[in-house]
Amino acid sequence: MLSLLLLLPLVGFLLLLLWPGKPAPGLMRQVALVVLSLQVVWSVVVLLAFDPSRGGMQLSESLPWIPGLGLTYSLGVDGLSLPLVLINGALSLVAVICTRDISQRPRIYFALVLLISAAVNGAFLAQNLLLFLLFYELELIPLWLLISVWGGAGKAFAATKFLIFTAVSGILILAAFLALAVLRGSVDFSFLPVDGEQLALGSQLVLLAMLLVGFGIKIPLVPFHSWLPDAHTQASTPVSVLLAGVLLKLGTYGLLRFGLGLFPEAWAVMAPWLAIWAAISVLYGSLAAIVQRDMKRMVAYSSVGHMGSILLAAAAATPVSLLGAEFQMVSHGLISALLFLLVGIVYRKTGTRDLDVLRGLLNPEKGLPFTGTLMILGVMASAGMPGMAGFISEFLVFRGSVATFPAATLLCMVGSGLTAVYFLLLVNRVFFGRLAITPVNDPLRHSRLDVRLEPVAPRETIPATGLALAVVGLGLVPALLGHLSESTTTAMARGASLLQALLAGGVG
Amino acid sequence: MPVISELLTRSGGLPEASELQRRLLAGETLLAESANHLVQVVDVLESYGVVLDAYSRNLIYQAETQFLNPLPIFKYLDGDHSPAKIWRHLIHDRINFEYAEYCMRAMLWHGTGGLDAYLDSASFQASCREIIGHKTRRDPLLALLHPLFSEFLPELIRTAATTHALGQFWRVMSDLFLDLAAAERRGTVTSIEEVVVFIQAGLVAAAANPITYGVTIADRPFWVLPPEAGLTFLMDVAVPYVEAVFLRGTPFLGTVSFNAQARQIPDDQGDFAYGALYADPLPTMGAGIPPSLLMQDMYRHLPERLHAWYRSQGRGEGDVRVKICMSFQKAMFCVTNAAIRGTFPHALATGAPAERAANEAHAAAWAARLGKARTDCLDVMEDATEPFAEALAGQA
């Protein structure tokens, strides 16, 4: 059943590559749309077959692949991965919907998007460390190509930077997994937690540190974040949607699944430091966002800030905070995808994303009023306004972490408050005031009064409207996601707290 | 970041004040001569004429039948209290008479010219006393209010007087603009120059029309603005109207809010420059701002020729009110042009140095005020002429 979630996009990928003749770009897009729609439908089928009341892996499939290497094709889904699988299908679909007028190599472009979708599903569903790594690496090259071929003016630099950073990430994770196998003395790459009898705490800490840096690059956490703003700035809108909405979640998913899941003892030891790291990451991301002049870089830095709070939740590892981490992954996926879509619309219509140039786009007659309305909704959700997804996730993260790490949580809350600062700066400059698209140092700015922007066609805002509805829906009915994930996150937290108690007892 | 596309922003012409002065003294029109401009001005003035007709009727109705009514709930219904009319009013299928009142209040507040001088005179106060004395004997509410707030009823009477005077002014202007449209259709007006001449002739013809206003209270007639006050159309109503609505305006309820405490508005009311000639055609947030109300009213009565052209420009129906406002500003520059020409102290062709100097001073004073206005609408937009020429050719 789960294999179909991989097979569907893979078959689509092959279909597009092997399509005979020179098919029109529109046809390629339609094929990708059909395949991804089927993937979304099948994800929903999996959702219906999933029993949320059980904590462990479900719908498992296992097939020995290369037993000598310990590589088995083993899939499973739980409350942690299922929402991410759903959001992957939905955002891949959104990415293809919002790809229009692609003139350059449409066949490869859509094929790569499908390949990424398959790889991400594979990484979320894999029940074998090597299999996870295989899929984790598999999405790297297509994304590199998507940035370096279909990106902006500085795409070569940004794509190479992305490649180097994430390759290092992959190497570190691979090294950690291999070292684990070597130290355990078995080629079993299944997801079994490591305890003190198998591996000394010192070795565990080293391996966990490697994983933390590896996934910290992907999330990204400060100081490994610098590839992200560059990649976003140069990537096209659909690629940014995929990158922010789905691919960053591989990092946080890995952190929860492998950091917390494989090394609970070492995790408990490092947790206070992780909380401090999270606070630094949140504050740095938010403060850096305040000074950005490019809308896309600002949203990218806000990602750094918001993803940092997932580390805080993971460090606290309480049932509430882990549920909050799951919520934050989903809501950040939806909100950042929404914001990138809207920035993409602004860029397409005005040719710029510069905060010093854009003014008053909310103008009802000649601006982009509906885009601006959705943008205000998006930034309100991102700033954690009640009634929207951001509030639920941040509330759960902070509520779940404050008892364990009060200082770090308070600092993260300050960072979260700064979200309102930079996004209000953005909205105030770009959307309020008199419509104008002139740099402030333009000597003719007072005479450039008549701005002619093309209107945004309703169909262009359909994906963003859908995401906005999802953001509000999740904020109003958070129980839908909570119901799905609670058993899993509670079980994960229980495992972690049990070990912490044992450790405390052992020391005392 | 890519360079801002030239297509997205247009640099307005913004002629200098010296250029405006030159055009005025040379007898040229302020608005550039073009077929496109002619149709925009004539058609927008035609719809304005229709709207002014409704404004004028309502203002006169208000002044005559809602006189000294402190709660004029049905003042916009023109006396028609049928359920259908009330329903159309409630669902806003109506003219925005609020805009007319806004103009009236701007005139009342800026208070320039002979009308305002008369409203502060002793004879006006005497007739106020007489009217109020007669009215309060029959109206217990006013009898209670007047001793408590002794300035309230005289102010209501001043408001009513200004309302009636503006109604009379617009009556003339409405007919003038509708006649202009008919003349253009007959082919007797074929250029911007002829539009200005036509309006100037209309203003001059009505210049000496007396402005009077009488009310009847319990079968007894009273003069509010008596013939003896000697108020005339041009100098006592038209010029104050241009001053208050075209030039000075009000720094609130507009497209941009100004903060008086932050000294964003001039100390001297005479230096205000928030009028129609300075207005930004782009609405900036907020509903119900007065220029938008007028544009909405004109939109309801646009001639099809102009409407078809608007549909072919920019965002079509999406930004039609902005385009109406831009055309309206062109038209208002023509009306101002006619007023300036009509008030030159001497003939432009005069050879006497003293007379020439007087004319130059007159033109310079106007040019200095207009130089800060939305003069970017005066020049021809190259890309706008082509589709319009086609539209005209299609109709011919």
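Two strands pair if DSSP finds at least two bridges between them; helices (H or I, at least four residues) and strands (E, at least two) are DSSP runs, numbered from the N terminus. This is a predicted model, in which local features need pLDDT of at least 70, side-chain atom pairs count only at pLDDT 80 or more, and totals for chains, interfaces and linings use all residues. Residues are numbered from 1 along each chain as its sequence is written, with chains lettered from A and ligands numbered from 1 in the order in which they are written.

**View 1. The hairpin of strands S1(A) and S2(A).** S1 (residues 58-66) and S2 (residues 71-77) of chain A pair in the antiparallel sense over 6 bridges. A:Gln58 stands opposite A:Val77 in S2(A). Between the two strands are 4 residues, and A:Gly70 in the turn has a positive phi of about 80°.

**View 2. Two cis peptide bonds in chain A.** The bond from A:Ile219 to A:Pro220 is cis, with omega near -10°. The bond joining A:Val222 and A:Pro223 is also cis, and its omega is about 10°. A:Pro220 is in the loop between helix H8 (201-218) and helix H9 (227-234) of chain A, and A:Pro223 lies in the loop between H8 and H9.

**View 3. Helix H10 (residues 237-262) of chain A.** The expected span of a helix is 1.5 Å times one less than its number of residues. Because 25 of its 26 residues are buried, H10(A) is largely enclosed by the rest of the structure. A residue is buried if 20 or more other C-beta atoms lie within 10 Å of its own, exposed if 12 or fewer, and partly exposed in between, with C-beta atoms placed from the backbone.

**View 4. Positive phi at A:Ala317 and B:Asp78.** A:Ala317, not a glycine, has a phi of about 50°. A:Ala317 is found in the loop between helix H12 (295-316) and H13 of chain A and is buried, with 28 other C-beta atoms within 10 Å. Phi of B:Asp78 is near 55°. B:Asp78 is in the loop between helix H2 (35-65) and helix H3 (83-90) of chain B and is partly exposed, with 17 other C-beta atoms within 10 Å.
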